[in-house]
Amino acid sequence: MITFFRIATVLVVSLSPVAGIAQYRAEDEAKVMAFMARIGRDDAVIRSLEVKDDTIRVHFRDGGMLLHSLLSPTLVMYSNYKETKEASRRSMRESPRFSATQMEERAWSFLPEGESRSGWRVERAMGFVAGYGERCGNYCFELAKLNQGLPSAGDSLTITLDGYEGKVLTFSQLTGFEGGDPPASTIPIEEARAIAVRALDRIEHAETRGWIKHEWAAQPPTWSQRYVVSGGGSRGPYSDPVVAEWPKRMRLRWVFRGPGGEVGIDAETGAVCYVGLMMDAGADKTVRRPLSRALQPVSGSRSDEEDRSYPWLWGLAAIPVALGAWLVVRARG
Amino acid sequence: MPHYFYSTNNHISGNAMVGPTDERGPRYFVYACLKVGGYIVDEYIHILGEPQPMSIGGQATFDSTVFGNGTQLVVRFEAVDSYGVVYEAQDSAPVKNKIGLAQVDEWNGYSNTDGIEETRLAMQNLGWDTHELSTADWDPVDLRTLFTGSGIYHVATHGLITQHLTDNWDDVLAEPDLLFPYFPNYVDWRASINGNGYPPHNSTDIPPVTFAFLDACHAGTTNAFNSILLPHMTSYGEFVENMCLIGYWGSVFVAGHSSAAKLLFSDMREGVTAWNARAYFLYANWQRWIANNDDLHVVRIDSWDNVVNADYEMRLWGDPNTRIRWVYTGDEYLADEGWFR
């Protein structure tokens, strides 16, 4: 197929009055196959290749698919559903041939050219699981580049490796993100936390706001620091307007995470970068409680209605007591 | 004959045998065709010199969504023998294709949180009949009614690993709970909705789920919510065929989550398989984040700075080649004829 495609390309080059277009396709194919060689899949045979919206989109005959951005920073994503499924199927009857340590070593070998381990860290490592499902029969690692020794939202690499052959099943990589300089000074964590808690008042929905404030008061949020690109005209939900006015660059944030949400505070200025709400809305609060008592908000009409139902429960509890008393009276009589 | 047609993987067949030999000699078939809704989906034309068949069969797999929900779809087999005698037989069954959409009311009406609206827009004007719970205080009883017969099921709520909530903050569990057996759960729901037998021959004549998007935190962390796809296993222990569930692995941010529905369903309505639709979504979501880290239409998980960009963050349980438009082919490629093969 590759041979055929190359012949076809040559023919188009010689016949087309706009030779540049055909040349472009040949370059795309070369780019694709160079990437496939890098992940050890240079045996893959292209079934279709198209370029659309600055992305090369390739389907391979073996069930693989590749999306390769032509922009910078550059995004590359590969996945193979057939081999993912096969690894899962094998996991139901075979133990893995590779250990997690061996696979992690292999994951590190895919660091982009010119990068060293010391500048990256394992963000997430998922071990071998046997059974049905796409996470079964493989190992998955997410590696992320550090900035100034701290985590950053930038270059990263996520790779899933077959637990039997060590083949690459999925591969996602972002490269070319510019790092940022450390801030001239940072506000203390106590100050940042106080700003974050006050920022919860910006949540519009009264029940959600009340619930999250209540939870954060009872269970102080955890914190972390991270470099993230900010500014350039955009800002997160409920953020300070000044955030949008900053020049676009990587800046250090304090990140506070508590039940139901997360708040990002610029480490240099104390500006609120975002107040993010989660769809779990305080997961552990919903476990093991009767119907209609889940996630009871601290204020609002629903809780009032539910509270009014309590006297009925007392009435129900009184029935066996009254029955017992009646039996005692009857027995004595 | 199935009790009903649903989704994109319906199998039909017909066959005939020639009548007895008479004084003119033996007969054989010169023509046969299998029709669905009046369209020929399989055909035989005899060519002189080839073997003369005395029995003939036709079969096809087709996408029922090209016909409107509720259509009483006629399957007809016709054959003509060498003496011009026409043989014909037909039967019919209703098309049942329903989309069930439910969402927490506080997310309705905002472009970056109204996920089910994106699904409704993407899937409108196709053969699916859309039902929606988008008002306040819908509860498990409302949801069970919506879930019944939904081939596409998109629920956007607060969620956990083994349960999700309704708008009135009640639980719907993935599986029965030993301590609280009265809690509504998908295993019990599916058991009663399906009745006995395997679709499309089950006793209640209600179709199963083809594609579910549990747009809630943690719903894809384990396979607990596979219960939505019951009865989903073949007797060979294979993956389910043309049935799958997509759910998140962690805590998803409310802001931007609707983009997933928009991207997933706009691809799937064109016949893209669930696996590929998810891959395109992950890529597009990441690209949007690269262009603007604080974009309010980016789907994020666990941390505002962690864009949903990896398979494990948005898990697919079931058949990766599930298709909700154009005939199911068992792979990512469309059939030559689009809606049948």
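A residue counts as buried if 20 or more other C-beta atoms lie within 10 Å of its own. By that count, 38% of the 333 residues of chain A are buried. The structure is a predicted model. It scores ipTM 0.88 and pTM 0.87. Chain B has a mean pLDDT of 92, and 98% of its residues reach 70 or more.

**Interface between the chains**

- Contacts link 45 residues of chain B with 47 residues of chain A.
- On the chain B side, α5 (274–291) and β14 (314–318) each supply at least two of the residues that touch chain A.
- The largest share of that side comes from α5(B), with eight residues.
- By residue class, the side of chain B that touches chain A holds 24 nonpolar, twelve polar and nine charged residues.

**Domains of chain B**

- Chain B divides into domain 1 (10–94) and domain 2 (98–318).
- The centres of domain 1 and domain 2 of chain B, taken over C-alpha atoms, are 40 Å apart.
- Six residues of domain 1 of chain B are in contact with five residues of domain 2 of chain B.
- The domain 1 side of this contact has two nonpolar residues, four polar ones and no charged ones.

**Nonpolar cores**

- In soluble globular proteins, nonpolar side chains tend to be buried together.
- The largest nonpolar core here has 135 residues. L245(B), L264(B), L282(B) and Y283(B) touch the most other members of this core.
- The largest share of this core, twelve residues, comes from α5(B).
- Beyond its neighbours within four places in sequence, L245(B) is in contact with A212(B), L214(B), F225(B), N226(B), I228(B), L229(B), W317(B) and G318(B).
- Another core, of 27 residues, lies apart from the largest one. Its members include F5(B), V95(B), W326(B) and V327(B).

- Chain A contains nine helices and twelve strands.
- Take the contacts in chain A between residues at least 6 apart in sequence: 55% of them join residues at least 24 apart.
- R251(A) sits in strand β10 (residues 249–258) of chain A.
- R251(A) counts as buried because 24 other C-beta atoms lie within 10 Å.
- Leaving aside neighbours within four places in sequence, R251(A) is in contact with G180(A), Y227(A), V228(A), S230(A), D266(A) and E268(A).
- D266(A) is 15 residues from R251(A) along the chain, and their C-alpha atoms are separated by 7.4 Å.

**Helix α3 of chain B**

- Helix α3 (residues 186–194) of chain B has the buried residues Y186(B), R190(B) and I193(B).
- These residues lie on the same side of α3(B), because they cover an arc of only 70 degrees around the axis.
- An α-helix has 3.6 residues a turn, so residues three or four places apart point the same way.
- G195(B) follows α3(B) and has a positive phi, near 70 degrees.

**Cis peptide bonds**

- S72(A) and P73(A) are joined by a cis peptide bond, with omega about 0 degrees.
- P73(A) lies in the loop between β3 (64–69) and β4 (74–80) of chain A.
- In chain B, the peptide bond from P199(B) to P200(B) is cis, with omega near 5 degrees.
- P200(B) belongs to the loop between α3 and β12 (211–215) of chain B.

- D205(B) is not a glycine, yet its phi is positive, about 60 degrees.
- The loop between α3 and β12 of chain B holds D205(B).
- D205(B) counts as partly exposed because it has 16 C-beta neighbours inside 10 Å.
- N242(B), also a residue other than glycine, has a positive phi near 55 degrees.
- N242(B) is placed in the loop between β12 and β13 (244–248) of chain B.
- N242(B) counts as buried because it has 22 C-beta neighbours inside 10 Å.

Methods:
Residues are numbered from 1 along each chain as its sequence is written. Chains are lettered from A and ligands numbered from 1 in the order in which they are written. This is a predicted model: local features need pLDDT of at least 70, side-chain atom pairs count only at pLDDT 80 or more; totals for chains, interfaces and linings use all residues. Two residues are in contact if their C-beta atoms, placed from the backbone, lie within 7 Å. Helices (H or I, at least four residues) and strands (E, at least two) are DSSP runs, numbered from the N terminus. Ala, Val, Leu, Ile, Met, Phe, Trp, Tyr, Cys and Pro count as nonpolar, Asp, Glu, Lys and Arg as charged, and the others, Gly among them, as polar. Domain bounds come from an automatic or database domain assignment. A residue is buried if 20 or more other C-beta atoms lie within 10 Å of its own, exposed if 12 or fewer, and partly exposed in between; C-beta atoms are placed from the backbone. The arc is that of the directions from the helix axis to the C-beta atoms. pLDDT is the predictor's confidence in each residue, from 0 to 100. A nonpolar core is a set of buried Ala, Val, Leu, Ile, Met, Phe, Trp, Tyr and Cys residues joined through C-beta atoms within 7 Å.
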